[in-house]
Each structure stands twice: as structure tokens, then as C-alpha cells.
Amino acid sequence: MSRISTDIAVIGGGVIGLAIALRLRADGREVVVIEPNEPGSGASYGNAGTIADYAVIPVGTPAVLRNLPSLLLNARSPLSIRASALPTLFPWLARFAYESLPHRFRENTRRIAELVSDASAAWEEFAAEIGASDLLSAKGCLYLYETPKAFKAAATDIDLRRFHGVGQELLSADEVHRLEPRLPPFEGGGLFFPGALNLSDPGEAMHRLTATVRWAGVQFVKASAQTIAREANGIRIIAGPFDIRAQTAIISAGAHSQRLAAQIDDPVSLDTERGYHIEFDMTHPPIERPVCPTALGFYLCPMRGRLRVAGLVELGGLGVPANQRLLAALVENSRRVFPDLGEPSRTWLGFRPSMPNSVPVIRPSRGGRDVILAFGHGHIGLTLAPRTARLVSAILDA
Ligand SMILES: Cc1cc2nc3c(=O)[nH]c(=O)nc-3n(C[C@H](O)[C@H](O)[C@H](O)COP(=O)(O)OP(=O)(O)OC[C@H]3O[C@@H](n4cnc5c(N)ncnc54)[C@H](O)[C@@H]3O)c2cc1C
């Protein structure tokens, strides 16, 4: 076995682990990142690229709870569940139902709002640090409503965002048309979030982040962490042929973090919301900014050389292959917005690391601050990466 000793071992090199590694290295610490795959190639690669300073509403809301059976069972719903996964998912679903009750929903919203409040400013600084400012666009983000009734149904969310100080502008159908003239009419109008940013190429942003982390002097260990344990003189991690000893370990393995946290006696209710994307190669995407037709459950995202359509939520665990029916529905529904899209150039399945309350876990482990948990960012991990890194740094400094 090759033995490695370090001050900090970061387990998982997605956007969260990489941002943490960069921050802790800037704090003057010795850092090793343990990652079996190309860094940044998990959920952090395939997302919608939005820096969503407005995304304060958790997935579990009283309305979602009321409609859960029809949402899960309706074949056209953007939320679906694999029947085979039901027994394993049951504890997570039960917790999700509890977290969707009005008092929990309000508290979860408050906590998420606090986390995302400075996301755009934090990302502008972060993008400059990793040489990715050219990939960051500041044209806001747009929600679309097919009917006035659908817009009206969003009133509670709109009020709640206003309460939490989120910048949002209510647009008529004509105003939506002026902003994005190539969209078909959306009679219910739209909601514009002017403070949101978006990445024109999340994969390229991850390459540049990884290069910056390497350049800063962080060592990468290409292996999967199998075990983590507390020993007399620190934390011991076995990762393939590597025996790694660290003063502090950070668990940031995204949707794969639960098993590692359980090994240090800190069980967490983490599961995955599987998400999909399809891409249509084109020189000039037909929209200027990420656009979400809310009833369809995905974002249409203008990216470099392509239009990416990313979203959906499938509860079904980490083990089963992509659901071809959902991918076909994604293609069909994309063509409801832009009928001339043709066949997608590629498809992708990824695993959001999801807590039942949509609030990420960023804290010392129950056994002590020699292990720090940083996962469970669900739909907003890209948005929250710089903030998470700062929080982890503060935990270590405390
Ligand atoms: C369709 C879709 C759209 C999305 N859109 C957005 C968006 O617009 N804005 C936004 O903010 N967020 C978005 N998200 C969410 C965001 O992508 C995730 O929250 C974020 O990427 C999570 O980052 P992570 O580093 O925790 O996980 P990941 O990127 O998945 O990284 C985890 C890493 O850990 C590694 N790993 C796993 N097990 C081990 C182990 N045992 N040892 C070592 N390493 C291990 C994996 O190989 C992986 O590289 C979206 C997600 C999806 C699926």
C-alpha cells in the first residue's frame, strides 16, 4: 500500500470538494483530493449551469406534499419514482413528507435563502479566481407559465421569495416576448430573476477549477475512498492501493457520501434525485438566458455551441441505468417549446445529492471537527460551492 500523510483529505472532487480544496489551500493548508474519476465529471458537469440566487424554495412544499401521489404516478409529471426503489426510499420519502409540512417548509426556505443570498457575488469572485469569468453570463434567468392559472398558483412562492429579498420581476406574455423573441407565447407570462448568473459551459468551468486547484499545489489521488476511520493519531482513509492519514477529512462525495458518513457514526438521510440532460448542437442557441417552462420541470440553457435541456427528478437510487422513457419525454417536451430541434446530439444522467429538506449538510461530524461533512446540495450545488468552501474554512478556523 502507498502511504500518504496530509493535513486535509478531501473525499470527492466535484465542484464542492474542489472549491473546498482551493479555499483550504489558500488558507495555507496541505490538501489532498481523493477522486476516482475525472474531477468535476459527476453532477457538477451536467447541470443547468445556473447560479440560482433565487432558488430559495425547497423541493418539498405543502403543495408538492398535497399532490405527491399524482406527481409521482402521472407519466407526464417532471417528478417520477422507480417502483423497484420504493422499499429503500421509504425512510427518505417519509422524511421528505415531514419536511414538506408548512412549518418545516418555512424553516427550510429560510435556511436556503440565507445560503444563496450572496451566491452571485461569491461566484463572480470565484470565477475570476479560477480563470472562468468569460464563461459567466449575467443576463438573469426566466420562469415561464403556460396559463394565467399556473402563474396564480405560483403566488405563494413569489411572496416567499419577496419576503426573503430575492430580486424578481413579474412579466406579461408581451414582456417575455420582448426579452426572448424566439420563444413561443406563454400566456401566463413569466418571472424574471435579474440577479441570477449562468455558466455557458459547466464542464469547461470544472476543467479550469481543477487546473487551478492543481496549480495551487493540491495533490490528487485517483482512487475511491472505501473506508474512513478515526485512529489515535488522526483520520485513516483506505482508497484503493492508498493508505491516507489526515488530521482532518472532508466528506464531499456528493450523492455517494452517505456510506462514508455512516462509517464515522454520523448517519444522514441522503439519497439522490436523479436528473437528466439532453443537448442539441447548434452555433446560436435560440435563447439568451436559462429559461424554465415551469410545468415541464426543466431548464433550456444556452451553452457554448449547444442548447442543453436539463432537469427532471427521478427517485430511483444510484444503481439503475438511465430511464429511456424519461429521456424520450425530455426530447418531446423540448420540441413543444422549439419544434425544430431535431434529434439530441447526446444524453446524460446525473445524481443530485439530495437531503429530504433540500438543505445541504455543511457541519462538523457528530464525533468532532476532525471530519467535516459537506454534501447534500441537491439542486443548488453549483450555486453554493464558493459559499460552502468558505463555511468549511470557517469551521476549521473556529
Ligand atoms: C440535471 C441537473 C441540473 C442541475 N442544475 C443546477 C443548476 O442549474 N445550478 C446549481 O447550482 N446546481 C444544479 N444542479 C445540482 C448540482 O449539479 C449539484 O448539486 C452539484 O454538482 C453537487 O456537487 P458535488 O461536488 O457535491 O457532487 P458531484 O459533482 O457529483 O461530485 C461528487 C464526486 O465524488 C466522487 N466520489 C464518489 N464516491 C467517492 C468515494 N468513495 N471516494 C472518492 N470520491 C468519490 C465522484 O466521483 C464525484 O466526482 C443540477 C443537477 C442536475 C442533476
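In this predicted model, strand β19 (residues 361-365) and β20 run antiparallel and are joined by five bridges. The two strands form a hairpin, with two residues between them. Within this pairing, isoleucine 362 of the model stands opposite alanine 374 in β20. Strand β20 (residues 368-375) also pairs with strand β13 (residues 242-251), here in the parallel sense and over three bridges. The bridge partner of isoleucine 250 is isoleucine 372 in β20. Strands of a sheet pair through backbone hydrogen bonds, and the pairing may be parallel or antiparallel. Both senses occur at β20, which is antiparallel to β19 and parallel to β13.

An open sheet of three strands is also found, with the order β3-β9-β5 and antiparallel pairing. The edges are taken by β3 (50-51) and β5 (136-137); each has a single partner strand, so one side of each is left without a neighbour in the sheet. The pairing of β5 with strand β9 (residues 197-199) is antiparallel and extends over two bridges. Leucine 136 has leucine 199 in β9 as its bridge partner. Helix α6 (residues 119-129) packs on this sheet and touches β3, β5 and β9. The direction of α6 makes about 40 degrees with that of β9.

Thr50 falls within the range of the edge strand β3 (50-51).

In the side chain of glutamate 35, an N or O atom is 2.7 Å from an oxygen atom of the ligand. At leucine 382 the backbone is involved, with an N or O atom 3.1 Å from a ligand oxygen. A polar backbone atom of glycine 49 is 3.4 Å from an oxygen atom of the ligand. The protein covers 95% of the 1,000 Å² of accessible area that the ligand has on its own.

Conventions. Residues are numbered from 1 along each chain as its sequence is written. This is a predicted model: local features need pLDDT of at least 70, side-chain atom pairs count only at pLDDT 80 or more; totals for chains, interfaces and linings use all residues. Side-chain values use heavy atoms; hydrogens and water are left out. A polar contact is a pair of N or O atoms within 3.5 Å; within protein, one must be able to donate a hydrogen and the other to accept it, and residues adjacent in sequence count only if both atoms are side-chain atoms. Accessible areas come from the Shrake-Rupley method with a 1.4 Å probe; for residues, only the protein chains shown count as cover. Two strands pair if DSSP finds at least two bridges between them. Helices (H or I, at least four residues) and strands (E, at least two) are DSSP runs, numbered from the N terminus. Contact means heavy atoms within 4.5 Å. Axes are lines fitted to C-alpha atoms, for helices over the stretch in contact, and angles run from 0 to 180 degrees between N-to-C directions.
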